[in-house]
Amino acid sequence: EQAPGFICISHGPEHVYEFVNPAYARLCGTRDFIGKTVREALPEIADQGFYELLDTVYATGERHVAENVGVSMSRTPGADIDERFVNFIYEPVIDEAGDVTGIFTQGHDVTDAHDAQEARRVDAEFLRSVLASSNDCIKVLDLDANLLFMTDSALRELEVSDFNAIKGCPWPSFWHGQGNTDAVAAIEVAKAGGSGRFQGQADTMAGTPKWWDVQMTPILGLDGKPEKLLCVSRDISGQRTADLALRQSEESYRSLFESIDAGFCIVEMKFDEAERATDCKILELNPAFERQTGLQNALGKWVSEIAPDLERHWYDTYGRVALTGEPARFENHAASFDDRWYDVHAYRVGAPDDHRVAILFNNISDRKRSEQALRNVNETLEQRVTERTAELMQAQEALNQSQKLESMGQLTGG
């Protein structure tokens with residue numbers, strides 16, 4: 001009666017109940033047991049193998065031990081089928097003559113332990129699937145920074161053919177120079193309960209150079225103190241190469257941007273409710289901008305502040321470029337910029353809603369003055385040629401008249 005586990009005793013080959021303790025009744029539910037066979041008292045466990053096991057133990061006299069076995073039955077009349085998990089022993093009861101007369105059943109309901117173990121199994125399986133799906137190099141180190149574990153993805157990324165060959169090795173030894181210093185520092189931060197992070201270059205086991213982004217965090221024990229270290233490394237070699245190429249491109253662009261003689265700026269257009277350009281702010285400019293325009297300290301300012309008399313046609317042209325996205329190439333005059341002429345190429349940059357226009361321009365005032373001077377010379381020459389031609393025609397007319405009079409005199413005998 002006081003046994004912690006469930007107990008029952010059955011008699012004869014039909015397994016008639018002689019005794020059940022309260023734990024057995026709690027397991028199997030409220031029902032009549034005494035005097036009934038197992039098949040009569042527990043009809044819902046048919047086809048679950050228990051009848052057959054009892055028959056075998058009775059027939060052979062050999063005990064049967066089982067662990068974590070599922071059994072499905074109604075624990076109260078009319079209730080749904082409930083699955084429980086049990087550890088149990090079927091022990092044959094043998095008389096003085098050596099004959100089996102019944103079976104002693106003893107066991108424990110281990111459903112809670114089974115469910116907890118199953119939950120841990122599901123969690124572990126989920127963790128394994130997460131680790132397997134990650135392309136990061138995930139490693140576990142002890143507090144001395146020796147390698148204890150690596151995921152399959154880590155083995156692939158680091159080109160490790162046999163983990164046992166490096167298991168137990170100090171992880172910082174895979175880093176050299178500044179990388180080694182940074183790795184040791186990250187470990188110390190994690191051992192103190194923090195998160196250490198750095199980027200560095202380290203070769204794989206096959207000698208392939210790679211750049212890594214590394215994060216080191218503590219794995220806490222039950223006492224809340226660091227017990228192990230979790231190291232997650234991500235291959236950023238492609239990103240590093242792209243960043244380097246981008247920096248080189250930016251440096252080349254910046255060098256070109258600052259060295260060209262042409263003026264350059266990027267402006268943000270301002271519009272009124274009728275979408276007519278009313279002003280523009282200078283967001284970026286190169287050194288030649290000041291030489292080309294004569295405007296000083298223009299960066300970040302609205303043009304209306306530094307050139308309030310700028311002609312309307314400039315705003316109209318740049319506003320049209322910003323709204324339509326159609327580039328414009330033209331020459332025009334800016335009286336407010338010391339009466340200068342410019343050759344301009346304007347085009348939209350960025351998103352359409354940014355209303356930004358890039359402007360590349362050259363001061364062509366000298367060329368325009370030369371062209372005007374040449375036109376003036378041509379006009380003067382044309383006038384002189386016209387006048388000289390008229391003089392020559394008058395002289396020719398006078399000569400023709402003189403010759404005509406002379407011929408008339410000869411005819412009259414004068």
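I began with a term I needed: a residue is exposed when its relative accessible area is over 50%, buried when it is under 20%, and partly exposed in between. I also noted that this model is predicted.

**Entry: E275.** I went to the loop between β11 and β12, where E275 lies. Is E275 buried or exposed? Its relative accessible area is 54%, so I wrote down "exposed". I then looked up the backbone and found that phi of E275 is near 60°, a positive value in a residue that is not glycine.

**Entry: N68.** My next stop was strand β3, residues 64-73, which holds N68. Phi is positive here too, near 55°, and N68 is a residue other than glycine. I put N68 down as partly exposed because its relative accessibility is 35%.

**Entry: helix α10.** This helix runs over residues 312-324, 13 residues in total. From first C-alpha to last I read 18 Å, close to the expected 18 Å at 1.5 Å a residue.

Which residues of α10 are buried? I listed W314, Y315, T317, Y318, G319, V321 and A322. I kept a friendly reminder beside that list: an α-helix has 3.6 residues a turn, so residues three or four places apart point the same way.

What covers the buried residues of α10? I found that the cover includes the strands β11 (263-271), β12 (277-285), β13 (328-334), β14 (340-349) and β15 (356-363), along with helix α9 (303-306).

Conventions: Residues numbered from 1 in each chain as written. Predicted model: local features only at pLDDT ≥ 70, side-chain atom pairs only at ≥ 80, totals over all residues. Heavy atoms only, no water. Helix = DSSP H or I, 4+ residues; strand = E, 2+ residues; numbered from the N terminus. Expected span 1.5 Å × (residues − 1). Buried < 20%, exposed > 50% of the residue type's maximum accessible area, 1.4 Å probe, protein only. Contact = heavy atoms within 4.5 Å.
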